[in-house]
Amino acid sequence: MTTHHPTAPDLTGRTALVTGATRGAGLATARKLCARGAHVLLNYAHDDTGAAAALATLAGLPGRAHLVRADVTEGLDTPCDEAERLFGGLDILVHNTSHFQPAPTLTTPTATADRSFAVAVHPLLASAPRLAGLMAGRPGRIIAVTSTGARRVVPRYAGAGIAKAALEALVRYLAAELAGQGITVNAVSAAKLDKGDGSMPAELAKTLAARTPGGRLTTPEDIADVVSLLCADEAGWLQGQILTVDGGLGLLAG
């Protein structure tokens, strides 16, 4: 369980919406923001039982947590409505959803690429005007969670990688247009995550950890830590940046 440190960024009273928030990096981010005092809406699409279990893990933290069920491919209107109803506005959006169906590039169906775009890019692009309105007069923070596969070739990752590359481009364009309103737009990028659930083959995990200068794989908590930093007042002059969280793995050739 994340603990609250007095020297960490204080987000007391701020409000946040995290998409894909009931597992992995999304849940770790929701937990981190709640631990910093933010009130957080946890968006999820289908699994009510899993969402309830995720919400229970946030009990007792300084910030309040709420669930909002919505398929982001249909837009962020429902989560935004709930943020306005509960909070009267929004300070932070963490856009964490993605779709990955592994396939070689030459045999990736266009439908797979379309689905990846619908999940990663469309919600933020379509909802940007609404988000700007909800964040008006606040130190707004829009943070996208992306992947090193947006800039490097990862085998069988083309559909998701292309969508993530488009998401990073969108981050830059939105940053330029929203900076004058006091809203920052940045992204946090990571390589393969160790989610601690045994989903990664042990041999692959061992190989990647050995190659990483930091000596271990990236965890969802590592992503959450950097998202939290981007929400701090001191990060207000960062715009359109893609911050890579990988323990130095991307510094090495090959």
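The dialogue below treats the sheet and then the cysteines of this predicted model.

Q: What is the order of the strands in the open sheet?
A: As a general idea, the side chains in a regular strand alternate between the two faces of the sheet. In this structure, 7 strands form an open sheet in the order β3-β2-β1-β4-β5-β6-β7, with parallel pairing. At the edges stand β3 and β7 (242-245), each of which pairs on one side only. Direction ignored, neighbouring strands of this sheet are turned by 20 degrees against each other on average.

Q: Over how many bridges do strands β2 and β3 pair?
A: Strand β2 (residues 39-44) pairs with strand β3 (residues 65-69) in the parallel sense over 5 bridges. Between β2 and β3 the chain passes through helix α2 (residues 48-56), and this β-α-β crossover is right-handed. A further parallel pair consists of β5 (residues 141-147) and β6 (residues 184-190), with 7 bridges. There, Ser147 has Ala190 in β6 as its bridge partner.

Q: How many disulfides does a search of the whole structure find?
A: A disulfide is a covalent bond between the sulfur atoms of two cysteines. The search of the whole structure finds 0 disulfides.

Q: Is Cys80 buried or exposed?
A: Cys80 counts as buried because its relative accessibility is 1%. Cys231, at 0% relative accessibility, also counts as buried.

Definitions and conventions
Residues numbered from 1 in each chain as written. Predicted model: local features only at pLDDT ≥ 70, side-chain atom pairs only at ≥ 80, totals over all residues. Heavy atoms only, no water. Pairing = 2+ DSSP bridges. Helix = DSSP H or I, 4+ residues; strand = E, 2+ residues; numbered from the N terminus. Right-handed = clockwise from strand over helix to strand, strands pointing away. Axes fitted to C-alpha atoms, helices over the stretch in contact; angles between N-to-C directions. Disulfide = S-S within 2.5 Å. Buried < 20%, exposed > 50% of the residue type's maximum accessible area, 1.4 Å probe, protein only.
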